[in-house]
Amino acid sequence: MRSLEGIEPEKVFYYFEEISRIPRGSYHEKAVSDYLVGFAKERNITCYQDKLYNVVMQVPASKGRENEEPVILQGHMDMVCEVRPGVYKDMEKEGLELMVDGDYVYAKDTTLGGDDGIAVAYMLAIADDESISHPPLEYIITVSEEVGMEGANGIDLSMLKGHRMLNLDSEDEGIFLSSCAGGVSAHVTIPVSWVSIPDQPDMWYRLSVTGLLGGHSGCEIDKGRANANKLLGRALNEILTKVNFVVADLRGGKKDNAIPILAEAVIGIVNDDQDSEEKLNSVINELNGILKNEYAVSDPDVMIKLEKQTEIASTDSDSDVRIIQNGNSAYVLSNESRDKVTTYLMTVPDGIQNMSMSVKGLVETSLNIGILELKKDHLFAQHAVRSSVTTRKEYVVRQLEELASVLGGNVELKGDYPAWEYVEDSEVRKRAVKLWEKMYGKKPVVEGIHAGLECGLLAAKIPGLDCVAMGPDITDIHTYNERLSISSTKRVYDFVVEFLK
């Protein structure tokens with residue numbers, strides 16, 4: 001029995017459930033890519049799969065429309081994998097457990113992958129329905145979109161003949177996107193050193209930042225939501241003003257394009273003050289009061305937790321120098337390295353840096369420290385930098401480079417992708433706007449977006465590409481609260497089908 005059986009449009013949700021059974025986190029797309037190739041072969045659809053596992057399909061036209069210019073449909077097969085705190089699920093090996101709640105589909109305790117599995121489901125449903133009238137179709141289904149658009153950057157599209165495209169990687173029904181920010185992933189390393197202390201501190205604590213909502217670091221960056229990695233740095237800085245401590249571990253976040261909801265450190269209190277524990281609790285209580293006030297609207301459940309630890313052992317194979325056992329010596333950061341780590345987290349820019357001067361309410365430039373981890377010899381921090389102005393993006397990167405340099409570190413850039421610039425005279429956009437108004441009685445909103453889309457990269461590979469981006473309502477993407485509207489999925493699908501007609 002399928003969880004989504006009987007839900008309209010039936011073919012769309014059939015294929016959405018099919019691909020949801022296949023683990024498809026970024027860099028783990030081979031299985032779902034092979035599924036797509038198998039789908040094409042069963043239907044005699046010309047299909048290309050490259051070494052990155054990108055897939056391109058060329059779907060024959062309906063009878064009588066063979067000589068028309070092709071239309072391109074585009075989306076990505078990978079998804080952000082996030083699990084509800086306290087729940088164990090290996091998303092590299094296990095599929096999703098889909099659930100229905102009224103008008104919404106969601107995955108139990110994990111991200112849903114509606115971003116962008118629904119695009120793939122749309123394409124497969126159309127290719128599998130002979131009743132739909134359409135010109136020749138060309139499908140571009142990429143990998144690794146969520147980790148810097150590496151699939152779109154490396155894909156060969158020389159076999160394509162179309163120049164008109166619908167990108168199906170948007171999450172707001174009735175909003176047609178016509179431009180997006182460019183971006184780059186900045187990998188920062190700050191060197192650290194470890195020292196052995198013969199006598200363990202009397203008290204070990206796990207310091208955790210919890211209760212945050214998180215979200216997509218492009219779509220939700222304007223919501224003012226707290227970043228767990230930044231708050232952890234703030235907590236460490238506050239504690240250091242009152243209590244001397246050592247650091248045995250520190251980490252937070254899993255993806256640079258998701259605002260981190262959890263960060264934690266293992267600290268030991270050096271017993272040079274009889275009132276250390278009392279002071280520590282006082283600092284945390286005071287900081288919790290401050291954060292509850294500052295984030296009352298955006299993150300009302302924010303909390304810094306302090307839990308005593310009787311035994312600490314690192315589970316990271318790259319962190320074996322930090323194994324700590326009762327009665328044995330402990331490896332901790334040197335005080336100099338502790339201070340460097342705290343300084344970086346306190347001073348590194350994060351969140352919105354500039355708002356657009358030409359488009360009211362649009363974020364122009366931002367960055368998100370999405371991953372934080374102590375390694376054997378360095379602190380690793382990964383930032384998603386976005387901007388619709390290339391020079392502003394470069395300026396933010398320069399800030400990171402200067403800060404890292406002062407602390408003895410460096411920055412490596414990966415997955416740089418261009419902005420998708422607005423095209424004044426777009427025939428695809430004109431047709432799409434006119435049809436939407438005809439079908440649903442109101443004009444769609446046409447706007448730019450701060451999140452990244454693959455349209456800019458693809459436009460560089462397809463000369464004269466004319467496209468618009470759209471999709472059904474999906475809320476809280478990149479979080480375990482992600483939900484896909486069933487009714488919106490149907491309306492957008494009906495629109496795409498009619499557009500192809």
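This is a predicted model: local features need pLDDT of at least 70, side-chain atom pairs count only at pLDDT 80 or more; totals for chains, interfaces and linings use all residues.
A polar contact is a pair of N or O atoms within 3.5 Å; within protein, one atom must be able to donate a hydrogen and the other to accept it, and residues adjacent in sequence count only if both atoms are side-chain atoms. Residues are numbered from 1 along each chain as its sequence is written, and side-chain values use heavy atoms, with hydrogens and water left out.

Let me start with Lys 89. It sits in the loop between strand 3 (71-76) and strand 4 (98-101). Strands here are DSSP runs of E with at least two residues, helices are runs of H or I with at least four, and both are numbered from the N terminus. Is Lys 89 buried or exposed? It is buried, because its relative accessible area is 17%, and buried means under 20%, exposed over 50%, and partly exposed in between, with a 1.4 Å probe and protein chains only. A polar atom of the Lys 89 side chain lies 2.9 Å from the backbone oxygen of Gly 95. Setting aside residues up to four places away in sequence, Lys 89 touches Val 83, Glu 94, Gly 95 and Thr 110, where contact means heavy atoms within 4.5 Å.

Next, the cavities. On a 1 Å grid over the protein atoms alone, a cavity is a set of points where a 1.4 Å probe fits but cannot get out, and lining residues have an atom within 4 Å of a point. Grid points are joined across faces, edges and corners, and a volume is the space filled by probe spheres set on the points. How many cavities of 30 Å³ or more does the structure hold? There are two.

The largest cavity holds about 250 Å³ of space. It is lined by 27 residues, and Glu 145, Asn 257, Arg 386, Tyr 417 and Gly 452 lie nearest its centre. Strand 9 (182-191), strand 20 (378-387) and strand 21 (410-417) are the elements that give two or more residues to that lining.

Now helix 3, residues 114-127. It has 14 residues and reaches 19 Å from its first C-alpha to its last, close to the 20 Å expected at 1.5 Å a residue; the expected span is 1.5 Å times one less than the number of residues.

Ile 155 is in the loop between helix 4 (150-154) and strand 7 (164-167). Its relative accessible area is 4%, so it is buried. Among the residues it touches are Asn 54 and Val 56.

Tyr 48, in strand 1 (residues 46-49), also touches Asn 54 and Val 56. Tyr 48 is partly exposed, at 33%. Tyr 48 and Ser 196 are 148 residues apart in sequence and 55 Å apart in space, C-alpha to C-alpha.

Last, Thr 210 belongs to strand 11 (residues 203-210). It counts as buried at 15% relative accessibility. Its contacts beyond four places in sequence include Ile 261, Asp 301 and Lys 305.

Key. On a 1 Å grid over the protein atoms alone, a cavity is a set of points where a 1.4 Å probe fits but cannot get out, and a pocket is an open set with protein on both sides within 12 Å along at least five of seven lines; lining residues have an atom within 4 Å of a point.
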